[in-house]
Amino acid sequence: MKVFACNKLSHTLQTHLGMVMNGGKPQYRSPPSFPSHLTNIDVDAEGPRELSDEALAALFANCVCQGQWPEFRSRDWLVGDKPHFLWKDDRHLLFNIGACRNSRADIEFMRKNLVNCTRLDLEQAAAVVISAIWNDATITARDHIVSSLVAGLDQDLLIRSCMWLEKWQTDPGVLVKEAKFYRLVDIFYLMCIVRCVRNNRWSIEDFDDVNDWTSLLPFLLRVRRCEPRSRCLFIPRWIFESAGMLPPPEFEVWDEQGRAMPGHEPNVEPKDDADHIILTRKAFRALQRRILRYYRFWDPTIRLRKAIDHLEADITYSNDFIRSKVLGCEDTLTVARHFFAIQRRLQRKVVSDLQWTAFLEKGESGNVLQNNPDIPTAFEQCLGELSGQHEMPVSGQILPQIDQCCLLMEEYVSIYGEGDRNKLVFVPGVRGGSGRGSVDEYNALCDILKNLCKAARDKGLPYPDPVRKFLAKDIMAWNKSFGDDAFANGQVPGWETWLAARREHHLLRKVESLKISEDNAMMDG
C-alpha cells in the first residue's frame with residue numbers, strides 16, 4: 001500500500017469534464033457584504049505575502065478569534081471605514097476571515113450537509129469547520145483549536161481562494177428524491193381537495209404528517225375510481241417494502257417481475273364511501289401513472305443504477321454509520337471530522353495538467369490530492385486528533401458486501417454485454433467504437449470494491465484480485481493505453497474469479513437471493 005506524505009490543505013481545482021480550468025486558480029466568487037462586525041488591527045508588513053507561512057497562519061487565526069481584520073503598513077486602501085480593495089490578496093484575506101466566523105455555519109448546517117451530501121470546495125468546507133467550532137461556546141480552548149486547524153491550511157488557500165459560501169449554498173436544501181416524493185404528495189393532495197374536501201368527507205389536516213411511504217401508503221390504499229367503485233390503485237411491491245408493511249391479499253397482483261398481471265388489477269368492493277378517496281377516472285389514471293413512473297422497477301438498467309447508488313451510499317459515504325452514529329451526536333468536533341471526510345470524497349476528479357497540455361499519465365491520478373481521499377492533510381490529521389475520530393469505518397459485514405459488489409459487476413456485464421465481457425471492449429478505428437454501457441456506474445463499483453478490499457485487508461480477511469476501470473476514449477488515445485481498459489486483451493477481472501470461488505464453496509446462496517430487485521433499490525422516499 002502506497003504511503004503519502006502529509007501536506008497542508010490546498011484549494012479545490014476547478015474542472016470541466018475532468019480538465020483543470022483557469023490554470024489551477026481557485027474558484028472566484030462574488031464578494032459578500034463587508035464584515036462590519038470585524039475591527040481593524042495594524043500589521044507591520046506591506047502585505048500578506050511578505051509574512052512567513054507560520055506568521056500568516058498565526059495572524060489569520062488571531063483575527064478569527066478576536067474578530068479583527070488586518071490593516072497592512074503603507075497601504076492607503078481605506079475609503080471611510082471600508083477597504084478600497086486595490087489589493088486582491090488583502091481583500092481575499094479579509095473576506096476569508098469573515099467566512100471563518102460565519103454564524104450560519106454550525107453543527108446543524110454540517111448535519112444537513114451530511115444527509116444531502118452537498119459538495120463544497122475544500123476551502124469552503126474548511127471555513128465551515130472553523131466557523132462551527134468557533135460558534136460552539138461549549139468547546140474549551142477554542143483559540144488553540146482554531147490556531148491548530150489554520151496552521152494546516154496552505155498559504156495560497158488563505159490569501160488567494162474564496163472561502164465564503166455563496167447564497168445558494170447556505171441552505172443544503174432537500175435531496176432530489178425527497179423533492180420528487182413531496183411533488184407526488186402535493187399532486188395527490190390537490191386531487192383530494194378537488195374531489196373530497198368539497199363534499200366534507202376528508203379534512204385537509206390529514207396530510208400534514210405525510211413525509212414518507214409509511215405515512216402515505218394508507219392513503220393510497222383508500223383510493224378508488226369513480227367507476228367502477230371497486231377499482232383500486234396498483235401499488236408496486238417496493239412501496240410496501242419501503243413502508244415496512246405487508247400488502248393486503250387483494251393488492252398482491254404482481255407477476256415475477258413485479259408488474260401487474262393483465263386482467264388482475266386490484267379490486268375491493270367499498271363498504272363505506274366515506275372511508276374511501278373517490279377520484280375521477282382522469283385523476284385516477286394520472287395518479288397511477290405518477291406512481292409507476294416514480295421508480296421504473298421493470299427496467300434492469302434502472303434497478304442496477306439504484307442498487308449501485310445504495311451500495312455507494314453505504315460504503316463510499318458511510319450512510320448507515322453517519323445516520324446511526326454522527327447525526328445524533330452533539331459533539332461539534334466529531335460531526336466536523338466526518339463532514340470534512342465526506343467532502344473529500346465528493347470532490348470532482350482531475351484528469352489533466354494545469355495548462356491543458358496533456359492528460360495525466362498512468363499512475364499520476366492517484367497522486368493528486370483531489371482525486372485520492374487517502375492522501376492525508378495536516379488539517380484533517382489535526383481535526384482527527386481533536387475529535388478522536390481518524391477514519392470512516394465500513395459498516396456492516398465486509399465479505400457479504402464484497403459479494404454483493406461483485407454480483408453487481410457481474411450484473412453489469414449481463415445487462416450491457418449480454419454476459420460477454422468481450423462485447424464491452426472498445427474497438428479503435430471503428431466509428432463510435434463499441435458500446436461499453438454506463439461506464440460511470442461500473443467505475444463507481446470499482447471504487448466501492450477498492451474500499452471494501454482495503455477494509456478486508458486491515459482485518460485480515462480474503463478479498464478479490466484487483467479490477468480495472470473503464471477509461472475515457474480520448475485519454476486512452478493520448479496515452480496509447482487501449483490495453484489498460486477494463487476488459488481489454490482478455491483481462492479477467494478479480495470479481496469474476498472471486499465469484500467462481502465463492503460459488504464453488506457454496507458461499508453465495510444468501511447474497512444471490514438478494515439479486516437486484518425493488519427491496520435493495522433504496523426507494524424509501
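How much accessible surface does the protein have, and what percentage of that surface belongs to carbon and sulfur atoms? In this predicted model, the accessible surface comes to about 26200 Å², and carbon and sulfur atoms account for 50% of it. Of the 525 residues in the protein, 47% are buried. The secondary structure is made up of 19 helices and eight strands. Looking at contacts with a separation of 6 or more, 75% are between residues 24 or more positions apart.

Helix 11 (residues 300-315) packs with helix 15 (residues 398-416) at an angle of about 155 degrees, and their axes lie 11 Å apart. Angles over 145 degrees count as roughly antiparallel, and helix 11 and helix 15 are therefore roughly antiparallel to each other. The crossing of helix 11 past helix 15 is left-handed. On the helix 11 side, the contact is made by Pro300, Thr301, Leu304, Ala307, Ile308, Leu311 and Ile315. Helix 15 meets them with Gln401, Gln404, Cys405, Leu408, Glu411, Tyr412, Ile415 and Tyr416. Sorted by class, this contact has eleven nonpolar residues, three polar ones and one charged one.

Then there is helix 14 (residues 378-387), whose buried residues are Phe379, Glu380, Cys382, Leu383, Gly384 and Ser387.

Key: Residues are numbered from 1 along each chain as its sequence is written. This is a predicted model: local features need pLDDT of at least 70, side-chain atom pairs count only at pLDDT 80 or more; totals for chains, interfaces and linings use all residues. Side-chain values use heavy atoms; hydrogens and water are left out. Axes are lines fitted to C-alpha atoms, for helices over the stretch in contact, and angles run from 0 to 180 degrees between N-to-C directions. Helices (H or I, at least four residues) and strands (E, at least two) are DSSP runs, numbered from the N terminus. Angles under 35 degrees count as roughly parallel, over 145 as roughly antiparallel, 65 to 115 as roughly perpendicular and the rest as oblique. A crossing is left-handed if the near helix is turned anticlockwise from the far one by less than a right angle, and right-handed if clockwise. Contact means heavy atoms within 4.5 Å. Ala, Val, Leu, Ile, Met, Phe, Trp, Tyr, Cys and Pro count as nonpolar, Asp, Glu, Lys and Arg as charged, and the others, Gly among them, as polar. Buried means under 20% relative accessible area, exposed over 50%, partly exposed in between (1.4 Å probe, protein chains only). Accessible areas come from the Shrake-Rupley method with a 1.4 Å probe; for residues, only the protein chains shown count as cover.
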